[in-house]
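Let's take a walk through this structure together. Keep the picture and the sequence at hand as you read on.

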Amino acid sequence: MTRTVPAVAVALLLLASGCLGGVSPLDDGGSKPEVASLVTEMDTADARDLVARHRATLANASSYAGWYERDENDTLAYKHRVVVDRDDRQFVRDWRNVSTASGVVFRNASGTYERSRRPGDESFRYEVRTGDSARFDADDSFASDLPLPDPEVLAGYDFEYVRSTDTLHYFRADGPDGAADVTDARARLVVHEDGYLRSLSWTVTVERGNEPTTLTRETTVVDLNTTDADRPGWMGAVA
C-alpha cells in the first residue's frame, strides 16, 4: 500500500529528523510477529501509538544509551551520544557539530556542567548551571535527545517486513510519495520486542538548485536498563 503525504510536510519534516540498522534478506521460515502487521499497515494513528510506546519505554527505563546523527551527501554534519542513568541521577551528552563546535554536557543532582570547543580553538569553554531547572530530573523523558519524525512522516513510508531475531524485528521501506523536489527516499526500522524503536534511519534525496542533495537521519537506542553514565574526568576542575 502506498500512502501520499502532503509535500510540504514531507519536505520540512524529513529534513528535521533520523537510524541505520543492518538488514538481511527476508527469512522464509516461521510466522511473522504481531508487530509486523502494525508496522506494515501503519497509518498516522498507529505511528503515533508506536512513538508513544517508544517514549514511554524510555521514560520508565532505569538507564539507556543512544545516539543521533545527521549526514549530508555521506558526510557527517552533526552527531551526539547520550547516556541516561536514572539510578545514579546522571546524564551525559557528547556532541559534535562539524561546522561550529563540539563538547560534552554532564548533568547530575547538583546541576549541569558543559565543556565545549570550537574548531581551531586550543582551549575549552566551560559553563556551570546550578538552578533547579539545571539539575537532573528522573521524570524528564529526555525525548529531544533522541529525536524521531512526526507520526505523519513515519506513516507515509510503506514498510515491508524483513526478518526477526529473538528480540528484534526488521523493516525497510521506500517512499513516501508526493513530496516536492524529493527524488528518492528510503527508511530502515528495527523494533525491539520490549516496545521501543531500536533504530530508525531514513535517507532522502532532494533537488537543491541543479544539484541533488542526500540527507540521512539516524537514531539508535542501546543498553536499555543496563548502562551507567560516567562522570567526565574534567569535572574536577569545575564542580
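What you're looking at is a predicted model, in which local features need pLDDT of at least 70 and side-chain atom pairs count only at pLDDT 80 or more, while totals for chains, interfaces and linings use all residues. Residues are numbered from 1 along each chain as its sequence is written, and side-chain values use heavy atoms, with hydrogens and water left out.

Let's begin with the whole chain.

Now for a few residues tucked inside. Look for Ser 116 in strand β5, which spans residues 112–117. Is Ser 116 buried or exposed? Its relative accessibility is 9%, so Ser 116 counts as buried. What does Ser 116 touch, once its neighbours within four places in sequence are set aside? The list is Trp 95, Ser 102, Gly 103, Phe 124 and Arg 125, where contact means heavy atoms within 4.5 Å.

Another one to find is Ala 36, in helix α2 (residues 34–40). With a relative accessible area of 2%, Ala 36 is buried too. Leaving out neighbours within four places in sequence, Ala 36 is in contact with Tyr 161 and Phe 171.

Val 190 is buried, at 3% relative accessible area. From Val 190 to Arg 172 the step is 18 residues in sequence and 8.8 Å in space, C-alpha to C-alpha.

Phe 142 isn't a glycine, but it has a positive phi of about 55°. You'll find Phe 142 in the loop between β6 (125–129) and α4 (151–156), and it is buried, with a relative accessible area of 3%. Asn 225 has a positive phi as well, about 65°, again without being a glycine. Asn 225 is in the segment after β11 (211–222), and at 42% relative accessibility it counts as partly exposed.

On to the charges. Side chains of opposite charge can pair when their charged atoms come close. The pairing we care about is the salt bridge: a side-chain nitrogen of Lys or Arg within 4 Å of a carboxyl oxygen of Asp or Glu. How many salt bridges does a search of the whole structure find? The count is 7.

Arg 125 is exposed at 52% relative accessibility, whereas Glu 127 is partly exposed at 26%. Bring in Arg 129, and you have a network of salt bridges linking Arg 125, Glu 127 and Arg 129.

Arg 135 and Asp 132 make a salt bridge as well, at 3.0 Å from N to O. Here Arg 135 is partly exposed, at 35%, and Asp 132 is exposed, at 65%. In the salt bridge between Asp 184 and Arg 186, the closest N and O atoms are 2.8 Å apart. Both partners are partly exposed: Asp 184 has 31% relative accessibility and Arg 186 has 33%.

Let's finish at the surface, where Asp 87, Asp 88, Asp 228 and Asp 230 gather in a patch of negative charge. Patches are made of residues with over 30% relative accessible area and no salt bridge, with like charges joined within 9 Å and nonpolar side chains (Val, Leu, Ile, Met, Phe, Trp, Tyr) within 5 Å. Lys and Arg count as positive and Asp and Glu as negative, while His and the chain ends are not counted. The place of a charge is taken as NZ of Lys, CZ of Arg, CG of Asp or CD of Glu. One member, Asp 87, is in the loop between β2 (75–85) and β3 (90–97), and it is exposed at 60% relative accessibility.

Note on methods. Buried < 20%, exposed > 50% of the residue type's maximum accessible area, 1.4 Å probe, protein only. Areas by Shrake-Rupley, 256 points an atom, 1.4 Å probe, with all protein chains shown as cover. Helix = DSSP H or I, 4+ residues; strand = E, 2+ residues; numbered from the N terminus.
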